[in-house]
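Open the model in your viewer and keep the sequence panel beside it.

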Amino acid sequence: MIPAGNYVISNTVDLPPYVQLIGEGQDVTTLVSTMSGGNAFRTVDGLGINYSGSMSNGANASKGLRISDMTLAFTSGSTSPDAFLSLDNTEDARIENVTFTTLNQSSFVSSGIGRIV
């Protein structure tokens, strides 16, 4: 559980299997990436291996991730070409009631790639 407030992410946070990040609500719990490169969050398997390695399938697979009730934001001057959240080789991930935005901007970033499989 992440209490209400604004939190800065300055380094990549690895998300192991079955992790749950639950805030107190959109625009109530806000996680802000100040990174100039790299994903703010990325999934890893049960052995701690991310997408740049050979992620496991089966018992050690990345699975059961839940992120809910928060805002995930880049800083207004962010030039990061990377995603805020990278879900690689992951089973049964749930993202609910999450706002993705850029702080102090009147609209979303106009370019980028997103894909849900």
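Select leucine 15. In this predicted model, leucine 15 counts as buried because its relative accessibility is 2%, under the 20% cut-off. Colour its strand next: leucine 15 sits in β2, which covers residues 13–15.

Now show what surrounds the residue. Setting aside residues up to four places away in sequence, leucine 15 touches Leu21, Phe41, Arg42, Thr43, Val44, Leu65, Ile67 and Leu85. For a distance check, draw a line from leucine 15 to glycine 46: the two C-alpha atoms are 9.7 Å apart, with a sequence separation of 31 residues.

Move to isoleucine 67, one of the residues that leucine 15 touches. Beyond its neighbours within four places in sequence, isoleucine 67 contacts Leu15, Leu21, Leu85, Arg94, Ile95, Glu96 and Val98.

Which residues touch the most other members of the largest nonpolar core? Select Leu15, Phe41, Ile67 and Met70 together; these are the ones, in a core of 17 residues. Then highlight strand β7, residues 66–74, which supplies four residues, the largest share of this core.

Finally, zoom out to the whole protein and switch to a cartoon view. There are ten strands and zero helices. Of the 117 residues, 35% count as buried. Among contacts with a separation of 6 or more, 75% are between residues 24 or more positions apart.

Conventions. Residues are numbered from 1 along each chain as its sequence is written. This is a predicted model: local features need pLDDT of at least 70, side-chain atom pairs count only at pLDDT 80 or more; totals for chains, interfaces and linings use all residues. Side-chain values use heavy atoms; hydrogens and water are left out. Helices (H or I, at least four residues) and strands (E, at least two) are DSSP runs, numbered from the N terminus. Buried means under 20% relative accessible area, exposed over 50%, partly exposed in between (1.4 Å probe, protein chains only). Contact means heavy atoms within 4.5 Å. A nonpolar core is a set of buried Ala, Val, Leu, Ile, Met, Phe, Trp, Tyr and Cys residues joined through side-chain atoms within 4.5 Å.
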